[in-house]
Amino acid sequence: MTSERRRAVVAGHGSFAEGTISAVAQIAGLADLFVPVTNTGLSLEGLEDTIRARLRESGARIVFTDLPAGSCTLAARRIARTDPGLIVITGVGLPTLLAFACGGDLSSATERGREAIAQVEGPRDP
Amino acid sequence: MTLETFRIDDRLIHGQVVVGWGQPCGIGFLVLVDDAVAASEWEQELYRMGVPPEMDLYFDTVEQAARRITEYRDDRRTGMLLTGDIATMARLVEHAPGIGAVTVGGIHHKVGRAPRLRYVFLTPAEGEQLRALAARGVTVTAQDVPNASPVTLDALLAGDGSG
């Protein structure tokens, strides 16, 4: 089933990609939609090469990244400059990846991510 | 405050700089010294998009940075100057006297480089470039994030990548 679905690269700091993909697998069992990339140990140039290779190998046309100011986002945007149709979505967390994995289109998955942020407070002391 | 940190980082402006250092240290401006970026509007726009609106970002060639260094030092905000490699920082040190300390924040793997720290890989020539900086009176240390202890140049060059 998943082979017919759009695949995506998830790129982030440290174990972000593997961790969030692992969480998607635990919740929805659709981890093979995602290809993880970590920036650990890579220069910007090396990171760009790695993301480009993962896109080529997987056929993915979407890159999810963790931090707008991060090196993964910079590298993905560099690739997008010369790769028409490649979509980069940054500031991504588990709710966005889950919504995408469960069949949501990109804009609704992004919206799910935004909506999922909430501040919850316990009762104040009397 | 003033221009406090001179950092060598091959990722230039990224999460560690903008968030890791920027927020706890209250960095008000960044100076990116790179001849290629200074010549490219597109590259500048790419880096601008990663910087929060309250943080100013200046792009200079080495020559421009050397001319403006006094202006940056007189700035009342805390600032960080970045180069993407050791050679660029060495040129700046040569043209802008008074740079007393340089931090190696990240030089990553490439063919010919050996691991020295988890975030620093160096060729023998790059190790010599750092030694040459130190010989000019510059204190060279390595430090990726603010709460890490600075690593001395001797310890850095003796490292095997496990630190």
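Q: What's the strand order in the open sheet of chain A?
A: In this predicted model, the order is S2-S1-S3-S4. The sheet has four strands, with parallel pairing.

Q: Which strands are at the edges?
A: Strand S2 (34-38) and strand S4 (87-89) of chain A. Each of them pairs on one side only.

Q: And the twist? How much on average from one strand to the next?
A: The average is 20°.

Q: How many bridges between S1 and S3 of chain A?
A: Three, in the parallel sense. S1 covers residues 8-12 and S3 covers residues 62-65.

Q: What's the bridge partner of Ala11(A) in S3(A)?
A: Thr65(A).

Q: On to helices. Which strands does H1 of chain A lie across?
A: Helix H1 (residues 16-28) lies across S1 and S2 of chain A. H1 runs at about 155° to S2(A).

Q: Then H2 of chain A, which strands does that one lie across?
A: S1, S2 and S3 of chain A. Helix H2 spans residues 44-58 and runs at about 165° to S2(A).

Q: New topic: H5 of chain A. Which residues are buried?
A: Leu106(A), Ala109(A) and Gly113(A), in the helix at residues 106-115. They cover an arc of only 65° around the axis, so they sit on the same side of H5(A).

Q: Why would residues three or four places apart point the same way?
A: Because an α-helix has 3.6 residues a turn.

Q: What do the buried residues of H5(A) pack against?
A: S3, S4 and helix H4 (94-101) of chain A.

Q: And which exposed residues are on the face turned away from the buried side of H5(A)?
A: Ser107(A), Arg112(A), Arg114(A) and Glu115(A).

Definitions and conventions:
Residues numbered from 1 in each chain as written. Chains lettered and ligands numbered in written order. Predicted model: local features only at pLDDT ≥ 70, side-chain atom pairs only at ≥ 80, totals over all residues. Heavy atoms only, no water. Pairing = 2+ DSSP bridges. Helix = DSSP H or I, 4+ residues; strand = E, 2+ residues; numbered from the N terminus. Axes fitted to C-alpha atoms, helices over the stretch in contact; angles between N-to-C directions. Contact = heavy atoms within 4.5 Å. Buried < 20%, exposed > 50% of the residue type's maximum accessible area, 1.4 Å probe, protein only. Arc of directions from axis to C-beta.
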